[in-house]
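Have a look at the model first, then read on.

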Amino acid sequence: MILLFVGLFSCNKDIHYDIIIRKGTIYDGLQSEPYISDIGIKDGLIIKIGDLEKKTAKRVIDAKGLEVSPGFINVLSWADLSLLEDGRGMSDLVQGVTTEVFGEGISRGPLNESMQKEWEHPYWKTLGEFLEYSKSKGVTQNIGSMVGATTIRINVLGSDSIVPNKEELNKMKNLVEQSMLEGALGLSSALIYTPANYASTEELIELAKIVSNYGGIYTSHIRSEGNDFESAVNEFIEVVEKANIRGEIYHLKAAGKTNWNKLDHVIKKIDSANANGLKITTDMYAYTAAATGLNACMPPWVKKGGFDEWLNRLKDKNLRHLILKEIRSVNGEWENFFTAVGDPEKILVTGFKEESLKQYTGKSLLEISKSLNLSPEETIVELIIRNKEDVNAVYFLMSEENVKKKIKLPYMTFCSDSYAVAPEGDALNSNPHPRAYGNFSRLLGKYVRDEKVISLEEAIGKLTLSPAINFGIEKRGAILEGWHADVLVFDLDEINDKATYANPHQYSTGMKNVIINGKMALDDGKHQNIFPGEIIRGPGYNKNKIKYK
């Protein structure tokens with residue numbers, strides 16, 4: 001028995017690496033020319049790049065004729081809660097996503113007791129506790145989070161339109177600071193939504209200054225992507241400049257045909273700001289349709305005070321005429337997706353809570369309105385009332401020409417703006433935007449391989465090292481010795497997004513192996529029932545100053 005143990009130990013000493021990837025074509029994330037080489041991985045790190053022909057490993061991958069790259073970073077993910085339900089994160093994993101960044105306006109902490117109860121988050125209060133809880137449950141991908149300006153606002157001010165006094169603003173700033181110490185990557189706002197849109201520019205600047213002190217980034221779903229697109233970008237630039245902070249515009253887009261020409265003006269603004277010493281980047285999803293709720297067709301005043309008050313206003317027959325009139329409005333005083341689309345047939349209703357309404361999943365607003373014998377505007381109101389919460393919808397708002405123009409921008413990176421799920425169980429009860437299953441594969445298959453909008457080495461850089469630098473993620477996003485071993489092996493010829501608007505629950509193809517922190521998470525396209533994801537913490541992280549209660 002002792003001899004057998006000694007023999008096994010001796011054999012293990014002769015194994016040089018955990019994984020060797022042999023003869024793959026390496027796209028290193030630096031946007032340099034690809035090259036063919038071996039990669040040796042051990043103890044979660046890339047140990048050696050070079051000729052490893054005579055070296056051994058527990059697992060050897062023959063990558064000859066295949067592409068090898070760093071793992072992709074999803075800079076705007078809503079997988080924070082879906083990973084708690086299913087830590088595999090399959091729709092993202094099979095596309096090569098190895099790191100998820102959460103927190104567009106709403107982050108899962110810091111919460112007060114009321115928020116814990118209303119949001120049904122009983123197991124944590126702070127953002128740091130949420131990340132720790134998620135990791136303890138088991139996650140395949142690495143996870144990090146922004147602290148949401150909306151969450152901070154609700155924590156201190158509730159959901160009403162309130163200008164914080166000095167004491168309240170200081171409390172908000174303290175919560176932001178505590179989140180940065182807990183590892184938040186930065187501050188994120190989502191100013192198109194209520195109650196986030198109650199925040200003034202000055203309030204955002206004050207919160208962003210705290211984040212700047214800790215080396216974080218400010219990201220924003222800006223106040224308008226439509227009629228007031230340019231002024232919303234001006235506000236974003238003002239926050240970045242006055243807070244002296246790096247900034248990223250989330251899912252940059254010009255929404256609505258009458259606004260498509262504004263993208264060129266906005267690009268000039270960003271280029272000018274960067275030329276003047278600011279650091280502004282952008283991200284996007286590679287589709288012409290946006291996804292949010294039917295709430296995007298409603299004026300802000302209707303939604304004041306939270307959902308219960310919103311619902312009461314929708315049920316008020318004395319207000320109904322005014323609400324319907326404003327849904328039809330094109331006056332530009334608020335971001336109206338109904339008029340921006342211009343055709344109810346181009347609004348797909350994709351998700352309901354109430355079982356009786358699920359028959360309408362995937363149908364256009366026009367189809368549903370005909371079946372209910374109501375106008376499209378009346379149908380919006382009726383569906384929200386019957387569903388007892390907002391209703392998910394997809395809006396065809398953007399132009400294909402602009403999508404390609406954005407992909408080419410040197411400071412553009414990519415996001416799913418969606419959750420990460422498997423096409424099974426409760427996930428099948430609603431239709432997500434196809435970006436949930438296909439955004440990263442669509443970039444590589446459609447826009448790189450087929451249409452050659454940008455080169456593969458440029459695309460890989462935009463998916464890996466560029467977002468890592470933007471968000472302060474250290475030693476990830478490149479194939480370099482000593483860096484974390486988040487590594488992909490894929491066949492570009494087989495990379496395809498299969499998800500459609502009518503049938504979105506379809507995995508992308510072409511990804512062979514996904515290695516996360518040196519562990520084989522996806523092998524031959526199959527999840528390996530391991531959960532190697534780590535918490536990605538921002539530059540302000542200081543465990544000695546965290547004040548968990």
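Is glutamate 203 buried or exposed? Keep in mind that this is a predicted model.

1. Glutamate 203 comes out as buried, since its relative accessibility of 5% falls under the 20% cut-off. Its salt-bridge partner is arginine 153, with N and O 3.0 Å apart. Arginine 153 is buried too, at 1% relative accessible area. The arginine sits in helix H6 (residues 149-157) and the glutamate in helix H8 (residues 201-213), so the bridge ties together parts 50 residues apart in sequence.

2. Lysine 173 belongs to helix H7 (residues 166-181), so here the two partners are 33 residues apart. Lysine 173 is buried at 18%, while glutamate 206 is partly exposed at 24%.

3. Now over to strand S20 (residues 511-516), where lysine 512 lies. Its side chain meets that of glutamate 494 in a salt bridge of 2.8 Å, N to O. Glutamate 494 is in the loop between S19 (487-490) and S20. Both ends are partly exposed: lysine 512 at 23% and glutamate 494 at 36%.

4. The whole structure holds 27 salt bridges. Some share partners, joining Glu400, Lys404, Lys446 and Glu451 into one network.

5. Last, a helix pair. The axes of H14 (residues 365-372) and H15 (residues 376-387) come within 9 Å and cross at roughly 85°, so the two are roughly perpendicular. Residues making the contact include Leu365 and Ile368 of H14 and Ile380 and Leu383 of H15. By class, the contact has 6 nonpolar, 2 polar and 1 charged residues.

Conventions. Residues are numbered from 1 along each chain as its sequence is written. This is a predicted model: local features need pLDDT of at least 70, side-chain atom pairs count only at pLDDT 80 or more; totals for chains, interfaces and linings use all residues. Side-chain values use heavy atoms; hydrogens and water are left out. Axes are lines fitted to C-alpha atoms, for helices over the stretch in contact, and angles run from 0 to 180 degrees between N-to-C directions. Helices (H or I, at least four residues) and strands (E, at least two) are DSSP runs, numbered from the N terminus. Angles under 35 degrees count as roughly parallel, over 145 as roughly antiparallel, 65 to 115 as roughly perpendicular and the rest as oblique. Contact means heavy atoms within 4.5 Å. Ala, Val, Leu, Ile, Met, Phe, Trp, Tyr, Cys and Pro count as nonpolar, Asp, Glu, Lys and Arg as charged, and the others, Gly among them, as polar. A salt bridge is a side-chain nitrogen of Lys or Arg within 4 Å of a carboxyl oxygen of Asp or Glu. Buried means under 20% relative accessible area, exposed over 50%, partly exposed in between (1.4 Å probe, protein chains only).
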